[in-house]
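I opened my notebook beside the viewer and wrote things down as I looked them up. Here are the entries, in the order I made them.

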Amino acid sequence: MSLLVVGLSHRSAPVSVLERAALSQDAQIKLLQDTVAAEAALLATCNRIELYADVDKFHAGVAELSTLLAQHSGVGLDELTPYLYVHYEDRAVHHLFSVACGLDSMVVGEGQVLGQIKDSLALAQDLHTAGRLLNDLFQQALRVGKRAHSETGIDRAGQSLVTFGLQQLAGGRGTGASVEAWAAGKKALVIGAGSMSSLAAATLARLGVAEIVVANRTPDRAERLAQIINENSENSQYEGSGGHEGGATPVSARAVPMESVPFELTRADIAVSCTGATGLVLTAEIIAAAVEGRVPADEAGLAPRPTATGDVRDVRGVLPPTSIGTDDGCPLDLSAAQTSQTSQAGQAVQESAGFSVMGEAAVAGMDAATLEQHAAWVDNGTVDRRDAARRTPDDDRELIAALALTATALGRIPERRRPAAPAGVTRPPAVLSLLDLAMPRDVDAAAHRLAGVRLVDIESLAEASADVPMAADVDQVRRIVADEVAAFGAALRAAHITPTVVALRAMAADVVAGEIARLDGRLPGLDEKHRAEITQTVRRVVDKLLHAPTVRVKQLAAEPGGAGYADALRTLFDLDQETVDGVSRADQDDDHSEQNAENRGRA
């Protein structure tokens, strides 16, 4: 048997593929139940899907695991294959240990993956798809991950996805922005009540938000999470910048049904979403309506927000429209760039934010349908924006044919570049910050273009994390992983030969017993004292003859490439394979009994 892992992650596949390949809890269970390998476990997170298995043959195993992933994810095998990676034997062990330490995470050094590995092992144990190999592997991976975090400063190199996402919303690293100062006193909406959402709620509470509203499809889970937050707040367990220290008001939490999310969004400053929904939870229309219809601060129970000039007004009065179609029918949101004050030759000059001033910045990032509509508007024509939704296959074929003709004429596909915004043209400040940690996504990607909205999702986190410098502690963690992989491999190989050694000693004991019985037949008058002495002497001789070879063969088998020593031992002593397999099965039964007893003890 050999360890094999087949999977895809943020390092091998674009977010769009990961999103489509995401597996629900039911799909994960069905996949493990359909696996024909001797052992199997599935590690599924928001940015990776990996299937671990104990297989007989490499190529057959790769084919089986790849097919299973394709079947249960709904992504065709031909489309999925280019993004899959395969790790075998020691490289598979190295990969899981690296994942457990946070070295392969989107945010290097984050520790949340340890909980996900633990959940993965628990699911495989519940479904009885994890045997001795995967139990040992995953439990050792948890120990390695904990060792890395306790013996090194890897925590300084990275954060949980929640913390990193909030850091990006606050302005990102290198901007001098403090996420604590940014979050303090804000109202937060957390959609979902699973492990990621619970972590988000706890993180927001530690950062000092004023209120946390929890929405979930299962009311009991939302109520429970809100209760935990309130209890921890009362017990002063949230000691961030906005905790009880310094006399700050403790965070309050309450639960609401999912139907209340659109209204709660009008009151929230921050919204974090991580559900298992297969469709969008927050559409662009819901978000736009929430921004345009925001409850004034005094009605929401907070002090009104002062403007840059010091006066207090409804937030709706300082936001440009978020919908497209303003400025006398112009389909673009040209008012996003507010009237700005510039100084020229010491005199203040008032400039208009019209299209002629914004130039290319007005169309930066717009989709083709919007650009087409804007072109018609410039030519005094009219284009119904809903036409894009009514496009037919014939229309698409015409576009493809035109693109092919262009490629033939130019010899290449024209590049589509997003023009850089000219200096002085900035988006209005965000009044609603959205953090989408779900896979597939919960928040409509179109929210990126809404004025007054700041969206950070898995895709933007992947881009941001690529620029994060890695701490020197990462090298130390890599050395720990290398040492632990070597030790695990040695133990695994030594364990592989152990049943053969046990079978050899059992055969030797049978030989001794047979010879003593033969002696009894030849010397029937032998008294018990002399018989016992002779028996003990023969056993000592056999043990001494076997001791050095068996110890040495275990040492040799533990070294890389030592798997063949078990076969050599069976051949030299003519050991029955069924006897060796019987010893292995007995050991596994003992392991299962101990594991069940431990689980009962925890319960």
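**Aromatic pairs**

I began with the aromatic rings in this predicted model, and the count of aromatic pairs came to three. I looked up Tyr 52 with Phe 138: the pair is edge-to-face, with 5.4 Å between the ring centres and 80 degrees between the planes. The two partners come from distant parts of the chain, 86 residues apart, with Tyr 52 in strand β3 (residues 48–55) and Phe 138 in helix α7 (residues 132–151).

**The whole chain**

I stepped back for the overall numbers. I noted 22 helices and 12 strands in the protein. Of its 603 residues, 43% are buried. I also looked at contacts with a separation of 6 or more: 69% of them are between residues 24 or more positions apart.

**Helix α3**

I checked the length of helix α3, which covers residues 58–73.

Which residues of α3 are buried? I listed Gly 61, Val 62, Leu 65, Ser 66, Leu 68, Leu 69, Ala 70, His 72 and Ser 73. I reminded myself that an α-helix has 3.6 residues a turn, so residues three or four places apart point the same way. Just after α3, I noted that Gly 74 has a positive phi of about 85 degrees.

I turned to the UniProt record, an unreviewed entry. One "binding site" annotation there covers Thr 45, Cys 46, Asn 47, Arg 48, Ser 105, Glu 110, Gly 111, Gln 112 and Gln 116. From this set, I found Thr 45, Cys 46, Asn 47, Arg 48, Ser 105, Glu 110, Gln 112 and Gln 116 in the lining of the largest cavity.

Glu 110 lies in the loop between α5 and α6 (112–126), and its relative accessible area of 8% makes it buried. Gln 112 lies in helix α6 and is buried as well, with a relative accessible area of 16%.

I then moved along to Gly 131, in the loop between α6 and α7. At 11% relative accessibility, Gly 131 counts as buried. Gly 131 is 91 residues from Ala 40 in sequence, yet their C-alpha atoms are 8.2 Å apart in space.

Another "binding site" annotation in the unreviewed UniProt entry covers Gly 192, Ala 193, Gly 194, Ser 195, Met 196 and Ser 197. Of these residues, Met 196 is included in the lining of the largest cavity.

I looked up Gly 192 in the loop between β5 (187–191) and α11 (195–207). Gly 192 is buried, with a relative accessible area of 2%. Beyond its neighbours within four places in sequence, Gly 192 is in contact with Ser 197, Val 214, Ala 215, Asn 216, Leu 225, Cys 274 and Thr 275. Ser 195 lies in helix α11 and counts as exposed, at 57% relative accessibility.

**Thr 275**

The contacts of Gly 192 include Thr 275, and I followed that lead. Where is Thr 275 placed? I found it in the loop between β8 (270–273) and α14 (284–292). Thr 275 has a relative accessible area of 18%, so it is buried, the cut-off being under 20%.

A polar atom of the Thr 275 side chain lies 3.2 Å from the backbone nitrogen of Ala 277. Leaving out residues up to four places away in sequence, Thr 275 touches Ile 191, Gly 192, Val 281, Ala 438 and Asp 442.

Definitions and conventions. Residues numbered from 1 in each chain as written. Predicted model: local features only at pLDDT ≥ 70, side-chain atom pairs only at ≥ 80, totals over all residues. Heavy atoms only, no water. Helix = DSSP H or I, 4+ residues; strand = E, 2+ residues; numbered from the N terminus. Buried < 20%, exposed > 50% of the residue type's maximum accessible area, 1.4 Å probe, protein only. Polar contact = N/O pair within 3.5 Å; in protein donor to acceptor, adjacent residues only side chain to side chain. Contact = heavy atoms within 4.5 Å. Expected span 1.5 Å × (residues − 1). Phe/Tyr/Trp six-rings, centres within 6.5 Å; stacked < 30°, edge-to-face > 60°. UniProt positions renumbered as here; feature names shortened; annotations may be inferred. 1 Å grid on protein atoms, 1.4 Å probe; cavity = no way out; pocket = protein on both sides within 12 Å on 5 of 7 lines; lining within 4 Å.
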